[in-house]
Amino acid sequence: MSESKISEKAPHGTLVIGYGNSLRGDDGAGPCIVEWVEQQNWPDVTTISAQQLFPEMAEEIALYERVIFVDAAAATVDAIGLQPVTEASDRLMAHRCSPGSLMRMVRELYARQPHAFVYTIPARCFDLCTDFSPLTRGCLQDACKALAQLLAK
Amino acid sequence: MSRTIVIDPVTRIEGHAKITIYLNGDGEVRDARFHVTQYRGFEKFCEGRPYTEMPALTARTCGICPISHLMAASKACDAILAVKIPDTAVKLRKIVNLAQIIQSHALSFFHLSSPDLLLGMDAPVEQRNILGLAASHPDMARDGIWLRKFGQQIIEKIAGKRIHPAWTVPGGVNAPLAPDVREWILSQIPEGIRIIQRVLDWYKSAYGQFADEIEYFANFPSLFMGLVNEDDSLEHYDGALRVVDDRRRIIADGIRSAEYQDYIAEYVEPDSYLKSPYYKLMGYPEGIYRVGPLARLNCAERTGAPLSAVELFAFRKLSKGAVLSSFHYHYARLIEILFGFERIEQLLNEPDILSEHVRAHAGPNAGEGVGISEAPRGMLLHHYKVDRNGLITWANLIIATGHNNLAMNRGITQAAKHYVKGDKIKEGALNRVEAVIRCYDPCLSCSTHAFGEMPMSLRLIGPDGTVLDERVKNI
């Protein structure tokens, strides 16, 4: 979509992007959250479930007022984290990027700056399995509650 | 005293690799080698699995070109079934294969290589990436995003998933095309054609700035190999193999999948996990050939679609014979994107495209099968043998990047001899040697079945084996 076609559409609603590999234990936390969000049928909330972030998502993100990234991260603390996304200039791979570099592309390519947050779910196990560790399982419940509160605002 | 330079890792390619440049006693480049440093071994661990699993198993080789493996694997399994699959299934497979080529070519050109072309080979390394492109040439970055996204959307809407769909199966495909999907794709094609024609116009106006790179980026005589139809038109799924020489003279034609071993043999070099296939009738290493978009345009006489035919006509003016400079892989890639849109439109307008008869059912009727299709990077070949229960007893995969291995080695040697001076690697020279590899758009996870992320490296080695300089760029 061209910049002019994007600009014809007023930004609207919230996009939740959960990313990670569901076959790698706790790394599947992001897609698991997306599955839960979809079941809530909240109005004006759209979801994307993906193994990783990639540049093509910039066009989609530009259409929303708010974007929430949900990702698993190797645990340094035992609680979920919520932080605003700051633009990054990391040298992204061609088919994988960080929330910060993606938000920078949204601004530079589509002249849009949605409010962007990232939830990090602490993770312990990245082995080949589809189960979550007890820590991540507990934090997923906390994340769902926190996300419900955030989306209610 | 001879010395060596190593580039490790090579960047902005699909995979891990390194380049070693050997200097002679006078400090001049004697040789250069492209090493792929990982091994995965799909051929071995597929043994014992049912042939029906092969499309899904081998597609896991790669997250960039799984569709290509699905196509070659499914065709090999069709041969084991010994059935003629429904015409509609063939057409749907062709559409998805072309969508894969569109998205992969867009990734290669816009995300990986256009930073070199638009920002310059000598631009600061921190700017030569898609973010730098977004800042300096947002229109071009948006075009790349649109094209790649559209290719992936076609795959997702027809096959169910953009990566690793289970839609292509032995005997056909497992779901017909939905009418609304057909309409949606057709509605988007005009925008895609507008974008790629605009980019083609830019490329044709700009490549004159790269006369030196065109001259020294793997510009040498070789054979070229690709699929063509019976009417000599460009083909990416059906047809038979053709081999042409540097003057575009046909030296072998009509080669069917099952005959490939009469024409292609494989050699293993001690310093790389990437195989070195060669044209058997000329021996090793004289039987060097190239595959991929440049080779396909050199092999075909026509595209079979009007707008890309005009572009092919202009492309032919580059040379009286075959276009030899690998720099023009970029040009060929853009023409193939245009062709992809035109051909998808043609196929979607076929009267039987919405037919629900899309799969033939049978058990294994042949002990082996070979499947060949054109992946974005070139001809992809899967060859399986099965026992009477349909379990795989032997498998051989020859990947596009492997076909190009000899040419990539020769290409980096040519570029290194021209650009590398002395025993330190300047950034511009490093990038140009890497850029030769990027012309081929190698996919190393496919070609060696490597595991993990795969950037590259470059090393300069003296005649006594001393490492004089080494550049490592982790991304």
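How many helices and strands does the secondary structure of chain A come to? In this predicted model, the count for chain A is five helices and five strands. Along the sequence, these elements follow the pattern α-β-α-β-α-β-β-α-β-α. The mean pLDDT of chain A is 89, and 92% of its residues score at least 70.

The overall dimensions of chain A were considered next. A compact globule of 153 residues would have a radius of gyration near 15 Å, and chain A agrees with this because its own value is 15 Å. Along the principal axes, the C-alpha atoms of chain A fill a box of roughly 50 × 35 × 25 Å. Of the 153 residues in the chain, 44% count as buried. Among the contacts in chain A with a separation of 6 or more, 74% are between residues 24 or more positions apart.

When neighbours within four places in sequence are left aside, the contacts of Ile121(A) include Ala29(A), Val70(A), Ala72(A) and Ile80(A). Thr136(A), Cys139(A), Leu140(A) and Ala143(A) are also in contact with Ile121(A).

In chain B, an open sheet of four strands has the order β8-β7-β6-β11, and its pairing is mixed. The edge strands of this sheet are β8 (250–255) and β11 (289–290) of chain B, each of which pairs on one side only. Strand β6 (residues 223–228) of chain B pairs with β11(B) in the parallel sense, over two bridges. Within this pairing, Leu223(B) stands opposite Tyr289(B) of β11(B).

A hairpin is formed by β12(B) and β13(B), with two residues between the strands. Strand β12 (residues 368–375) of chain B pairs with strand β13 (residues 378–386) of chain B in the antiparallel sense, and the pairing extends over eight bridges. Gly369(B) has Tyr384(B) as its bridge partner in β13(B). Strand β12(B) is mostly covered, as seven of its eight residues are buried. In general, strands of a sheet pair through backbone hydrogen bonds, either parallel or antiparallel.

Helix α13 (residues 405–419) of chain B was examined for length and burial. At 1.5 Å a residue, its 15 residues should span 21 Å, and the prediction agrees because the end C-alpha atoms of the helix are 21 Å apart. Of the 15 residues of α13(B), 13 are buried, so the helix is largely enclosed by the rest of the structure.

Gly160(B) lies in the loop between α6 (138–159) and β4 (168–169) of chain B. This glycine counts as partly exposed because it has 13 C-beta neighbours inside 10 Å, whereas a residue is classed as exposed at 12 or fewer. With neighbours within four places in sequence left aside, Gly160(B) is in contact with Pro165(B) and Trp167(B). Ala175(B) is 15 residues away from Gly160(B) along the chain, and the C-alpha atoms of the two are separated by 9.4 Å.

Conventions
Residues numbered from 1 in each chain as written. Chains lettered and ligands numbered in written order. Predicted model: local features only at pLDDT ≥ 70, side-chain atom pairs only at ≥ 80, totals over all residues. Buried ≥ 20, exposed ≤ 12 C-beta atoms within 10 Å, placed from the backbone. Pairing = 2+ DSSP bridges. Expected span 1.5 Å × (residues − 1). pLDDT = per-residue confidence, 0-100. Rg over C-alpha atoms; globule rule 2.2 N^0.38 Å. Contact = placed C-beta atoms within 7 Å.
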